[in-house]
Amino acid sequence: MEFMFSVGCSGSGKSTYYYKNLKDTFSIIEPDLIRKEFGDIDDQSRNADVYMTAHKRLDEYLKDGKNVYFSATNLSIKSVKSLIDIAKEYTDDITCVIFNDSANWKLCKSRVVADLKNGVERSNTLVFRETEKGKIPLIKEMSKRFIDLINNPEFIDLLEEKGIKTIKI
């Protein structure tokens, strides 16, 4: 049994990777789809419920012996650690898939725009977020968080200490 999880911002290829490489052998957990089950794929107000449901499903799938791919941004050490802690109860075969395109927020933005234009049901990360520096696109903020995370020694140490394999795409 294997557990894989993504680290990358919207538009970096997380879902595409799953559908091209894993769909026949892995179950997928996508918090965006759980948001849709709750009523609105763009509604971030229920994230606590969404992630509680996602973590419960992860626990159930792994308990049932399924290979699982957890497709979410996972842009904090806390989110990565919580996934690893759940998975370690069932398997040591854990892989972190790092989507390097996340460092190029304009490329990721162009992919999100194309998906939305083509009717792909996905969370709209093109919204703007108010910061102390003014309004910035959420996807640009995600890209910065990605760069900060993958360069954070605590993140690197966590993966090494827990024996987590990495794939960089």
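## A salt bridge at Arg 111

Arg 111 and Asp 101 form a salt bridge in which the closest N and O atoms are 2.7 Å apart, a salt bridge being a side-chain nitrogen of Lys or Arg within 4 Å of a carboxyl oxygen of Asp or Glu. Because Arg 111 lies in helix α5 (residues 105-117) and Asp 101 in the loop between β4 and α5, the pair ties together parts that are 10 residues apart in sequence. Arg 111 is partly exposed, with a relative accessible area of 29%, and Asp 101 is also partly exposed, at 28%; here buried means under 20% relative accessible area, exposed means over 50%, and partly exposed lies in between, as found with a 1.4 Å probe on protein chains only.

The structure is a predicted model, in which local features need pLDDT of at least 70 and side-chain atom pairs count only at pLDDT 80 or more, while totals for chains, interfaces and linings use all residues. Residues are numbered from 1 along each chain as its sequence is written, and side-chain values use heavy atoms, with hydrogens and water left out.

## Other salt bridges

A search of the whole structure finds 12 salt bridges. Among them is the one between Arg 122 and Asp 115, whose closest N and O atoms are 2.7 Å apart, and Asp 115 counts as partly exposed at 24% relative accessibility. Lys 81, Asp 85 and Lys 162 are linked in a network of salt bridges.

Asp 148 forms a salt bridge with Lys 144, with 2.8 Å between the closest N and O atoms. These two residues, Asp 148 and Lys 144, are 4 residues apart in helix α6 and are therefore separated by about one helical turn. An α-helix has 3.6 residues a turn, so residues three or four places apart point the same way. Asp 148 counts as partly exposed at 41% relative accessibility, whereas Lys 144 counts as exposed at 52%.

## Helix α4 and its surroundings

Helix α4 (residues 77-88) has 12 residues and reaches 16 Å from its first C-alpha to its last, close to the 16 Å expected at 1.5 Å a residue, where the expected span is 1.5 Å times one less than the number of residues. Helices (H or I, at least four residues) and strands (E, at least two) are DSSP runs, numbered from the N terminus. The buried residues of α4 are Ile 77, Val 80, Leu 83, Ile 84, Ile 86 and Ala 87, and what covers them includes β1 (3-7), α3 (47-63) and β4 (94-98).

The axes of α4 and α7 come within 10 Å and cross at roughly 10°; axes are lines fitted to C-alpha atoms, for helices over the stretch in contact, and angles run from 0 to 180 degrees between N-to-C directions. That makes α4 roughly parallel to α7, a description used for angles under 35 degrees. Ile 77, Val 80, Lys 81 and Ile 84 of α4 make the contact with Glu 154, Phe 155, Leu 158 and Leu 159 of α7, contact meaning heavy atoms within 4.5 Å.

## Two further residues

Ser 143 lies in helix α6 and is buried, with a relative accessible area of 2%. Leaving aside residues up to four places away in sequence, Ser 143 touches Cys 9, Ser 102, Ala 103, Asn 104 and Trp 105.

Lys 66 has its place in the loop between α3 and β3 and counts as partly exposed at 34% relative accessibility. The C-alpha atoms of Lys 66 and Phe 3 are separated by 8.6 Å, although the two residues are 63 residues apart along the chain.

Key:
Angles under 35 degrees count as roughly parallel, over 145 as roughly antiparallel, 65 to 115 as roughly perpendicular and the rest as oblique.
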